[in-house]
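Look it over, then work through each answer.

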Amino acid sequence: PDLNQRWSCDTRQCVMELAVDGGASWPVFSPDGERIAAFRRNTTRIWNSNTGDQVVSLELADHAIAPARFSPDGWELITLSYGQARVWDVTDDVTSRVLYRATPAGRGDRSSPFAAFSPNGQNVVTVSGSGMVKLWNTSSGALLETKQCPSRLNSPAEFLPDGTRLVSACDDGKLRLWRTGSEAPPVVVGEEQGIVNSVAGSPDGKRIATGTADGTARIRDLS
């Protein structure tokens with residue numbers, strides 16, 4: 001079997017190997033560092049990061065298309081497969097709630113390529129390649145808001161730490177700041193020349209960072 005390896009940042013030595021038939025992609029730690037999640041095709045697995053024991057195996061509706069992400073408390077996990085975003089309760093009794101199903105949902109439909117939890121874990125934002133930004137209630141799966149970017153989206157929409165603002169990047173290179181619970185249009189807070197692959201907010205919510213396809217990372221002040 002192929003192996004995922006966990007390394008110590010202090011010693012730069014491999015401290016654990018996790019066997020996965022066929023390999024695994026995009027491993028992520030839970031916030032407390034006690035678990036690791038990674039996927040292979042339509043299966044996402046979670047391991048105990050201290051013992052290497054597999055905790056649970058989650059079967060997706062289709063192949064995963066983006067990294068799984070833990071909720072801030074570490075007890076929920078969101079997975080993305082073709083046309084579907086699903087929130088899993090990864091406590092002892094594993095249950096799942098389907099937040100979003102693309103219409104039509106198919107192998108070629110990358111309608112929900114990104115998702116993220118709000119800082120308090122109560123909401124989830126999903127982003128579609130067509131420019132649709134949707135906000136969902138984590139517990140019920142109810143759709144709370146829909147916002148439309150004027151062009152396609154190639155990067156995630158991310159919550160800022162206050163949980164009331166979202167930052168996104170569209171194909172037109174413009175960085176937009178959205179306010180949840182408001183019908184006001186987004187505020188353009190910057191513009192990139194190339195495709196934006198990722199966006200992130202600083203812990204104090206005063207700056208955002210972008211990574212572009214041309215290999216450039218930039219930090220912008222929001223104040």
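Q: How many helices and how many strands does the chain have?
A: This is a predicted model, where local features need pLDDT of at least 70, side-chain atom pairs count only at pLDDT 80 or more, and totals for chains, interfaces and linings use all residues. Residues are numbered from 1 along each chain as its sequence is written, and side-chain values use heavy atoms, with hydrogens and water left out. Helices (H or I, at least four residues) and strands (E, at least two) are DSSP runs, numbered from the N terminus. By that count the chain has zero helices and 21 strands.

Q: What percentage of the residues count as buried?
A: Buried means under 20% relative accessible area, exposed means over 50%, and partly exposed lies in between (1.4 Å probe, protein chains only). The chain has 223 residues. The buried share of them is 46%.

Q: Among contacts between residues at least 6 apart in sequence, what percentage join residues at least 24 apart?
A: Contact means heavy atoms within 4.5 Å. The count takes contacts in the chain between residues at least 6 apart in sequence. Those that join residues at least 24 apart make up 32%.

Q: Is Ala37 buried or exposed?
A: Ala37 is found in strand S4, residues 35-40. Leaving out residues up to four places away in sequence, Ala37 touches Trp26, Pro27, Val28, Arg45, Ile46, Phe70 and Leu77. The relative accessible area of Ala37 is 1%, so Ala37 is buried.

Q: Which residues is Thr43 in contact with, leaving aside its neighbours within four places in sequence?
A: Thr43 is found in strand S5, residues 43-48. Thr43 has a relative accessible area of 8%, so this residue is buried. Beyond those sequence neighbours, the contacts of Thr43 are Ala38, Ser57, Leu58 and Glu59.

Q: How far apart in space are Arg207 and Asp221, C-alpha to C-alpha?
A: Arg207 is found in strand S20, residues 207-212. Its relative accessible area is 43%, so Arg207 is partly exposed. Not counting residues up to four places away in sequence, Arg207 touches several residues, including Ile219, Arg220 and Asp221. Arg207 and Asp221 are 14 residues apart in sequence, and their C-alpha distance is 4.5 Å.

Q: Which residues does Glu191 contact, leaving aside its neighbours within four places in sequence?
A: Glu191 lies in strand S18, residues 187-191. Its relative accessibility is 44%, so Glu191 counts as partly exposed. Glu191 and Asp172 are 19 residues apart in sequence and 8.2 Å apart in space, C-alpha to C-alpha. With those neighbours set aside, Glu191 is in contact with Asp172, Gly173, Lys174 and Arg220.

Q: Which residues does Gln122 touch, not counting residues up to four places away in sequence?
A: Gln122 is found in the loop between S11 and strand S12 (123-127). The C-alpha atoms of Gln122 and Gly163 are separated by 9.7 Å, and the two are 41 residues apart along the chain. With residues up to four places away not counted, Gln122 touches Trp136, Asn137 and Thr138.

Q: Which residue lies over the face of Trp75?
A: A charge sits over a ring if NZ of Lys or CZ of Arg is within 6 Å of the ring centre and within 35 degrees of the ring normal. Here the distance from the ring centre is 4.4 Å. The residue over the face of Trp75 is Arg35.

Q: Which strand gives the largest share of the lining of the largest cavity?
A: On a 1 Å grid over the protein atoms alone, a cavity is a set of points where a 1.4 Å probe fits but cannot get out, and a pocket is an open set with protein on both sides within 12 Å along at least five of seven lines; lining residues have an atom within 4 Å of a point. Val133, Lys134, Leu135, Glu145, Lys147, Leu166 and Thr180 line the largest cavity. Strand S13 (132-137) and strand S14 (143-148) each give two or more residues to this lining. The largest share, three residues, comes from S13.

Q: Which strands each supply at least two residues of the lining of the second largest pocket?
A: The lining includes Arg69, Phe70, Ala116, Phe117, Glu158 and Phe159. The strands that each supply at least two lining residues are S7 (69-70), S11 (114-117) and S15 (158-159).
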